[in-house]
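User: Could you walk me through this structure in plain words? I'm new to reading models like this.

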Amino acid sequence: MGGWAGGSEESMPVRYIVARVVGSALMAVAATLVVFLVAHTVPADPILAQLGDKASANPELVARFRARWALDRPLWEQYGIFLGRLARGDLGESIASRRPVLDDIAQYAPATIELATLAAILTIAVGVPLGVLAAVKRDGWLDHAARLACLVGVSAPTFWLAFLVLAVFYGGLQIAPSPGRLDVGAVLPPHHTGLFLVDSLLAGDWVTFRSALAHMVLPAVVLAASTVGLITRTTRASMLETLSQDYVRTARAKGLAEGGVVRGHAVPNALIPVVTLGGLAYAELLAGTVLTETIFSWPGLGRYTYQSALALDFPAIMGVTLLVALVYLAMNFVVDLSYLYLDPRVVRQ
Amino acid sequence: MSAAARGRRRLTLGAGGALIILGWLAILAVGPGLAPYSYRQVDLVARLRPPSAEHYFGTDALGRDVFSRVLVGSRVSLPSGFAVVLVAAVFGTLYGGVAAYGGAKTEEAMMRVTDLFLSFPPLILAMAIAAALGIGVTNTIVAMAVVWWPKYARLSRSLVIVQRSLEYVEAAHALGHGAARTLLRHIVPNAIGPVVVLLALDVGNSMITFAGLSFLGLGVVPPTPEWGAMVSEGQVLIEQWWVSTFPGLAIFSVVVGFNFLGDALRDWLDPRARP
């Protein structure tokens, strides 16, 4: 791994990075075009969609909206205005909250980031070891159980699973705390990052930390359930392929114990495709919060999206859509860059 | 475990999946005939009754029979999931096939468009489009199909590219067969396996997403008995667990059926993916 021997190859990583930066930037612009087209051409009546029932009955508001987005101009000109406002962080105004969409997003994002990150940690902590073991003990009981669990796991709708665990652990057994980030009436930790776990730690407030963590367990488990199967399967398939490679046979032939072969040679190489998928799975988790947060009354972006959808709050939905697409692209970019270190062969192609 | 034993176990799993699907298709066919009550019959006296001999799955907040609504709901949820995949698969496969045959520049441009669609999480983009189009089953299917086709385009392009360089395709060309004929008569039958696998696994996936959109209030107009919408109606009724549990179980069972079947089909039709 690493090491760029040979003069002619030295410019390779630079060229690779430049190509990735340009590619990602182009895709980001294209993503804004898709969101713009959906927002401005798909609705039967964009004014009604953007302003809502009440406001579109008010001629003054309608006139202001028309002027703002220059709705009588050609489409490409409208897109230019859209891009210009976007560059200044203007995603429009939410119909429901009457605030800039970006402010809403900034307010709700920390709760979602905290939840999705914990779910991602759970996914990796369960999925990777399970996938490795399933491959090493191929066709053993663990392999079969893992496979069946994955198949069943991806078949359960997230929103239904969320309801079930809540009904069982909160309603029935009463061992889980109420939905929400903290108990009703609890004092919020002093605001630094908006992440309750981090903020309560910074304040040295262990009671709040434990409460926040307890509230997070069920939604994080539900969220992780949808991605664990994917990571397990990918790890397993990649491990099986790696275990059949020549260098693994060589390592065995020179007398290395099987545990050393697996840990030292197979796992590091088998995890490369898992990294690719892991980046995308994280973005997928962010999207999955729409359903999970709704049931767990989690005041994050997901629930904000749900409420926006219910209210047909179009600017808000579009803002979140664009944001998640940009996160998706950013994750892809990070994954691509990680290949510089993980698998230099990819860069050379 | 021997290959034969593994094959038998796969067969059992696949057959089980197929049975579940056939069972649901039978319910779909005779649905309202089996339902003991009308799916829209409101009975405020019998609100939120737990499951009993009278109401197998209990009653919801309006006193409607959950069992009857789950049965009739199959007529909304199942066809919607099929419709999305059908539209997406036909369009995506043609798109990918054309891209693969279109020359380097066309191919590059066409596949960039699919990349773009794949850079949006399906649920979120479908939500945005569904919200823009307005609520209703047809609009939701359209919104989902718009985000659903790129994976078929990618798959069919890669399959055509692999097939194109094979000897029998060159032979067909040498015999003077045109591109369209070669594509339909030679390439499609040989490359169809992975597409069938994707189809089977994807129908369940699309049913979950459709139910999810319905759950979010973007699928059906009440009182249409759609499974996702029914789970949503009962989501705050933790004590009256049956209102949400049974419609959710219906979605779960259908999707398990398709995933079992798809998994078995993958082993059978797509030998390279064999574990």
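This is a predicted model: local features need pLDDT of at least 70, side-chain atom pairs count only at pLDDT 80 or more; totals for chains, interfaces and linings use all residues.

User: ok, so what is pLDDT, and what does chain A average?

Analyst: pLDDT is the predictor's confidence in each residue, on a scale from 0 to 100. Chain A averages 81, and 92% of its residues score at least 70. Residues 1-8 of chain A have a pLDDT below 50, and beyond near neighbours in sequence this stretch has six contacts in the model, where two residues are in contact if their C-beta atoms, placed from the backbone, lie within 7 Å.

User: Which elements of chain A have the lowest and the highest mean pLDDT?

Analyst: The lowest mean, 67, belongs to helix α14 (residues 344-348) of chain A, and the highest, 89, belongs to α5(A). Helices here are DSSP runs of H or I with at least four residues, strands are runs of E with at least two, and both are numbered from the N terminus.

User: Switching to chain B, how many helices and strands are there?

Analyst: Chain B has 10 helices and zero strands. Its C-alpha trace spans about 75 × 50 × 30 Å along the principal axes.

User: And how much of chain B is buried?

Analyst: Buried residues make up 49% of the 275 residues in chain B; a residue is buried if 20 or more other C-beta atoms lie within 10 Å of its own, exposed if 12 or fewer, and partly exposed in between, with C-beta atoms placed from the backbone. Among contacts in chain B between residues at least 6 apart in sequence, 70% join residues at least 24 apart.

User: You mentioned α1(A) and α13(A); at what angle do they pack?

Analyst: They pack at an angle of about 165 degrees, with their axes 10 Å apart; axes are lines fitted to C-alpha atoms, for helices over the stretch in contact, and angles run from 0 to 180 degrees between N-to-C directions. That makes α1(A) roughly antiparallel to α13(A), since angles under 35 degrees count as roughly parallel, over 145 as roughly antiparallel, 65 to 115 as roughly perpendicular and the rest as oblique. Residues in this contact include A:Y16 and A:M27 from α1(A), and A:L322 and A:F333 from α13(A). In total, the contact divides into 17 nonpolar, three polar and two charged residues.

User: What about α1(A) and α4(A), how do they cross?

Analyst: The axes of α1(A) and helix α4 (residues 75-87) of chain A come within 11 Å and cross at roughly 120 degrees, and the two helices are therefore oblique to each other. Among the residues making the contact are A:F36 of α1(A) and A:F82 of α4(A), and by class the contact has six nonpolar, three polar and no charged residues.

User: Let's look at single residues. Is A:V136 buried or exposed, and why?

Analyst: A:V136 is buried because 20 other C-beta atoms lie within 10 Å, and this residue lies in helix α5 (residues 101-136) of chain A. A:V136 and A:G259 are 123 residues apart in sequence and 9.9 Å apart in space, C-alpha to C-alpha.

User: And what is phi of A:R98?

Analyst: Phi of A:R98 is near 60 degrees, a positive value in a residue other than glycine. A:R98 is found in the loop between α4 and α5 of chain A, and it counts as exposed because it has 8 C-beta neighbours inside 10 Å.

Technical notes
Residues are numbered from 1 along each chain as its sequence is written. Chains are lettered from A and ligands numbered from 1 in the order in which they are written. Ala, Val, Leu, Ile, Met, Phe, Trp, Tyr, Cys and Pro count as nonpolar, Asp, Glu, Lys and Arg as charged, and the others, Gly among them, as polar.
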